[in-house]
Structure formats: structure tokens, C-alpha cells
Amino acid sequence: MSATLGTGSLELRGLAKRYGEFVAVQGADLMIAAGSFLTLLGPSGSGKTTILMMIAGFTEPTAGRLLLGGGDITALPPEKRAFGMVFQGYALFPHMTVAENVAFPLRVRGIGRAARDTRVRATLDLVQLSGFADRRPAQLSGGQQQRVALARALVFDPALLLLDEPLSALDKKLRAELQEELRALHRRVGRTFINVTHDQEEALSLSDEVAVLNHGRIVQKGAPAMLYEHPRTRFVAGFLGKSNFLHGVVQGDGTVQCGPWRLHHAAPPAPGTAVLLSLRPEKIALGQAGDNAIEGRVLSSAYLGAGHAVVLDTPIGPIRVHQPAWRAAVDPAIGTTISMAWAADAATIVEDDDAPG
Amino acid sequence: MRRGDMAARLRRDGGWWALLLPAFLLLSVFYITPILQVLAISFTEPEPGLGNYQRIATNLSVQRVIWTTLRICTITTALALMLGYGLAYAITLASEQARRWWLLCVLVPLWISVLVRAFAWVTLLRRQGLINQTLQGAGIIAEPLQLVWNEFGIIVGMVHYMVPYAVLPMLAAMREIEPRLLAAARGLGASRGQVFRQVFFPLSAPGLVAAGVLVFIFSLGFYITPAILGGGRTLMVAEWISLQILDLIRWGLGTMMATLLVVTILVTLAVFSRVVNMRRLFGGA
Ligand SMILES: Nc1ncnc2c1ncn2[C@@H]1O[C@H](COP(=O)(O)OP(=O)(O)OP(=O)(O)O)[C@@H](O)[C@H]1O
Ligand SMILES: [Mg+2]
């Protein structure tokens, strides 16, 4: 059985939502290729759920259009779009068993009992819940409930699967496990997944593409590595991982004057430009030589097993450094003054959107 | 889970429960004991034995009043549930502000004396009443309809009285249904009708059962409304008991029927307390 609609790419064109004066989502443009895994990432209240609900058809956009495989679906009611959806908090039907929950989308489509049972069994196998068919949702753990919600959303083979923070209610270990499973599931079923999260690790590890949202606006979108390595703004750099931010001005010789230092940068803009450099803590090496070498006094140092998280005091403020603990060049003892260095292409110039993450 | 909570609270607050003891004793001495004494008359008058109870099988008047009562109560319950369900559904879907007005409209009748309401129905339903006059004026009927002094009139009055009692438990059940579940059902492809039949209705069913039990038990003992709107021609148990005891001085027969009524109510409650949560029905958390 196939979905009601074509399985082409999904396109958001200037999709916006206002509640009275309040702008929840402003002019979202996105192109989501068929079969890809997109994550909407942003802090609480940034409009992630609102975008997802507009895609699902529960929230009517104030402006903009929604196209699936080139056809306009902006005016279609949710049941006609027939996208699979995993709700924030799962929304399993408490009066039905696991099997009945999963069978629900098939039953409302008038699919016969025999075909329904086969399909339900296959889907429960897919999410590894075969033994739980006759339980009620209240008798399941959080992770199991999450899988039922997934099975229910997948059972009718929808073109698109929408997931609203599917893992946020789970503990860290289970979350990591289910991230794995979700990724494997995506590969196996080959459908388009649109996931919502405010967990940057989840976004990076799961997605083909991530769209970062802030205050209802898509700030940047791209592949996880591209976003991490080349954040466009201060917000993106700060929200996706940690970063040091250095203010400076480009000099005639192409170096960046930053406090007392002249820093080398791989691709400096025109002289006289004020720039903001984003420098990841793990790209700074302690006690080693490099294109840019400065000194700082260790303010704090935390041992994390795999590495040290060190904060050094410098003339331009505190700088965070992550250094592998294994065969470290120096011991970052608190109070000592040590040198640090980074390569000319380690820092990225970002736009200062005044929203430190 | 609830039961566990209760037990824990009992253990923890054991001392406080003792404070209820005087009230409990007072209730037993001045309320429960006299009732039991009255009911015991059914085994002693006019002569000791089960003679009064044998009449259930043999006496036509006894049988007729039992059947009339059960029939009227069943029809009343069914109608009150249907109207009440529709009202509760509308109130659940209404906006916050509209909901307050709806609730007021449902509750206001509760504050008007049952006597006043019964007589209001008599004025509306009698031969020269508003309804008959309107229908005749419009040429729909030639002769006035017999709308009162019969079962029809009793049922109209009783349904009117019972609707608020049907609405409140159902409303409580409906308001506990998560709106997200309904949205989820739609998102999974269900039409509005399917959402109602397969998700909303089953989830509101406990409220429906609770309301049904409440209304049915209430109607069994109805006195004033059937007495006024039945005009003495259609008798329900309460009026019949009063007739036996006050007019015919047949204490044994009257108290037999009273005992039967109490037992029926207790049995109904016992059966349904297994089906629904009684604490919720009677306003507990
Ligand atoms: N029905 C509504 N009426 C008014 N404002 C709303 C409504 N729904 C959402 N909003 C506002 O729109 C903004 C975006 O909400 P949304 O639910 O999309 O956030 P989110 O990114 O999903 O956040 P979270 O991570 O907390 O779930 C919020 O500021 C919220 O208060
Ligand atoms: Mg949300």
C-alpha cells in the first residue's frame, strides 16, 4: 500500500505563522529531498513544533506555501496529507493495546483484518516490540512507548515521517541507543524523516541535513559537518557545540588585530573590517607551536576522562580549550601559565547576531 | 494505584480518621438505625415472615409499579444521557469563555425548586397549555394532545431534572481526554467521525457509565415530579410507598417496597463500582 500522495521532495516556500502580533515562524524556506533525514534544531520556543505542525497540517500558516513533489498541499487537511507523525509525548491511545494502536492508521483506511494483522506484526518486528502486542501503553517503559509511536507512524508507509522531540523524554543512555535505531530505521524504510530537537548532539549524529532555528527564523541549514565547521553566525556556532568568540579588526597585512595579538587567518576579508572569530575549544593545542601562539593562566581545569576542559585567562578574556588527556603535552594545573596555539584555518569568521549560545 | 494511595494515606493519617468516629456514631444512632428499624417492619407486619415479599410474585399492583418504575427510569436515563452527552461534548469543544456560559445554563435549573419546575411543565404541557395551543393554532393538530398526567409527562419532567446530573460526570471525563490524542488520530488519517467513534467516545465511556448509574439511581426514588406530572394515574415506587403507608396504612407492604428500592440501589452501585471508579463519580480526585 502506498501513501495517498506522491513521494517527491517537500518544499517550504516562505512559510510563516503569526499569533496576533507575535511572530512564531517567519518566512521559512526549505527544500527537503525525498528520502533524506532533516532535523529542525533550535532552543525552546524557536518555532520548531510550529513548523512541524504546519507541515502536518494541524496549524494553518499565515503566509507561504507547502509543496510536495511539486504539488501544492497548503490547503490539505491533515488526514489527507497522511504523513506519519510522532508527537511530543507520543500521544498513544490509552484505551487500545499496542497492536491496536499500531493498527489504527490501517483501520481508519479501511484495510481488512488479515492484511492489517500482517502489516502490524511486520512493523512491530521492525521496532523490536513483537512480544508486546497485547499490552497497554501504560504498561510500557518510556523507550517502548516511543517505539510504539514510531511503529504507529510508520505502519501505513507514509511518504514523510514527522518526529517532534521523539527522544527528549528518555534518559541519556536509552536516547543514544534509540538514536542508533532511528538512523538504522531511516536507512531501512527509505522515507523522508523530519525530526525536531533541541539536542545538538542528536541533530549532528542523526541527520543528513540540519536547519538551525532561532526566534522563528531559520538561521542556517546544511550538512552537520558543514554547520559545525562553518557556522554562519555566532548563534549557530554557540548552539552547535561550544566556541570561543574573539573580536578583532583586519589589518593591512591580512592579520587580525585581536587585543594585543595579531592573529593569522586563512581567509581574511578587506583591511579595516571588524570581524568576529569563532574558535572551537578542541582546535586549540596546549603547549605546542602553531600559526597563532598565545599564553594564558589556567583558571579552571576539569578532567573528563577522554580529555581536559580547561579555561585560561588571557588579556581578551577567558578562553576555553579541550585537550585530549592521553599523552597531553602539558599538565593544565590551575594557576600555571601555559602556551596555546591554533592553525590559521582553525577559526571561522561569523556574523555577530548578538545571541550567545 | 489509587487503592495503594488510599491505604498509604490511611496508615499515615490514622489518627485523624479517629476524629470521624463521633460523627459516625451519631449517624448510626440517629440515621442508619431508624432506617433499618423501619425496613424491618416489612418482615413483621401484618404478621412475621416473608409474606410481603411473596407479593412481588403474586400481586399485580406491586408488579405493575415495579415495571412502570423500571421502564420510566430506563427511558429517562437513556434520554438524559443522550441530551447530556451532546451538551457535555459541546461544552468540551467550546472556548473557555463560552464554556462558562454553557455551564451556568446547565447548573441554573439545579437551583430552582423541583416543585416549581414540575408545575412549570404542567402549565406548558396541559390541554390548554402553551404547546397544545401553539400546535392547534398552527393547524398541526385538531384535538389537544395528552401530554401530561401520564408517563410522557413524567419522563419530560424527570429528564429535565436529570440532565445536569448527566452532564457533570461526563464533562469531567471528557475534559480529561488529551486534545493531543485527537490531533494524533487525525494526523494518522482518521476523519472527524472516526476520531469521535474510535478515540473520543471510548475515552469518554467511563463518564457515560458513571452518569448512567447516577441518573438511574436518582430516578428510582423520584417522588415530587412523578406525583405532579403523573397526576396520580401513573405511579412510581416512591409515590406508591407513600400511598401504602399514609393512605392505606399498609406498613408492611410499603416498607417491603422501600427495602426493595434500597437493595436495588445498593446492588446497582456494587455492580458498577467494579466497572467505574466510584471516587471519581462522587467528586473525589
Ligand atoms: N497557539 C499559540 N498561541 C500563541 N502563541 C503560540 C501558540 N503556539 C505556539 N506559540 C508560540 O510560538 C513560539 C514557538 O512555539 P513552538 O511550540 O513552535 O516552540 P518549539 O520550538 O517547539 O519549543 P519547544 O522546544 O519548547 O517545544 C513560542 O514562543 C510559543 O509561545
Ligand atoms: Mg516543541
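How many helices and strands does chain A have? In this predicted model, for which local features need pLDDT of at least 70, side-chain atom pairs count only at pLDDT 80 or more, and totals for chains, interfaces and linings use all residues, chain A has nine helices and 20 strands. Helices (H or I, at least four residues) and strands (E, at least two) are DSSP runs, numbered from the N terminus. Residues are numbered from 1 along each chain as its sequence is written, chains are lettered from A and ligands numbered from 1 in the order in which they are written, and side-chain values use heavy atoms, with hydrogens and water left out.

The C-alpha trace of chain A spans about 75 × 45 × 35 Å along its principal axes. Of the 357 residues in chain A, 49% are buried (under 20% relative accessible area, with exposed meaning over 50% and partly exposed in between; 1.4 Å probe, protein chains only). Among contacts (heavy atoms within 4.5 Å) in chain A between residues at least 6 apart in sequence, 67% join residues at least 24 apart.

An open sheet of four strands in chain A has the order β2-β1-β4-β5, with antiparallel pairing; two strands pair if DSSP finds at least two bridges between them. Strands β2 (22-32) and β5 (71-72) of chain A form the edges, each pairing on one side only. Strand β4 (residues 63-68) of chain A is joined to β5(A) by two bridges in the antiparallel sense, and A:Leu67 stands opposite A:Asp72 in β5(A). Helix α1 (residues 48-56) of chain A packs on this sheet, where it touches β1 (10-19), β2 and β4 of chain A. The direction of α1 makes about 120° with that of β1(A).

In chain B, helices α5 (residues 60-93) and α6 (residues 96-107) pack at an angle of about 155°, with their axes 8 Å apart. Axes are lines fitted to C-alpha atoms, for helices over the stretch in contact, and angles run from 0 to 180 degrees between N-to-C directions. Helices α5(B) and α6(B) are therefore roughly antiparallel (an angle over 145 degrees). The contact involves B:Leu87, B:Ala90, B:Ile91 and B:Thr92 of α5(B), together with B:Arg99, B:Trp102 and B:Val106 of α6(B).

Elsewhere in chain B, B:Gln54 lies in helix α4 (residues 51-58) and is exposed, with a relative accessible area of 54%. The C-alpha atoms of B:Gln54 and B:Gly137, 83 residues apart along the chain, are separated by 52 Å.

How values were computed: Angles under 35 degrees count as roughly parallel, over 145 as roughly antiparallel, 65 to 115 as roughly perpendicular and the rest as oblique.
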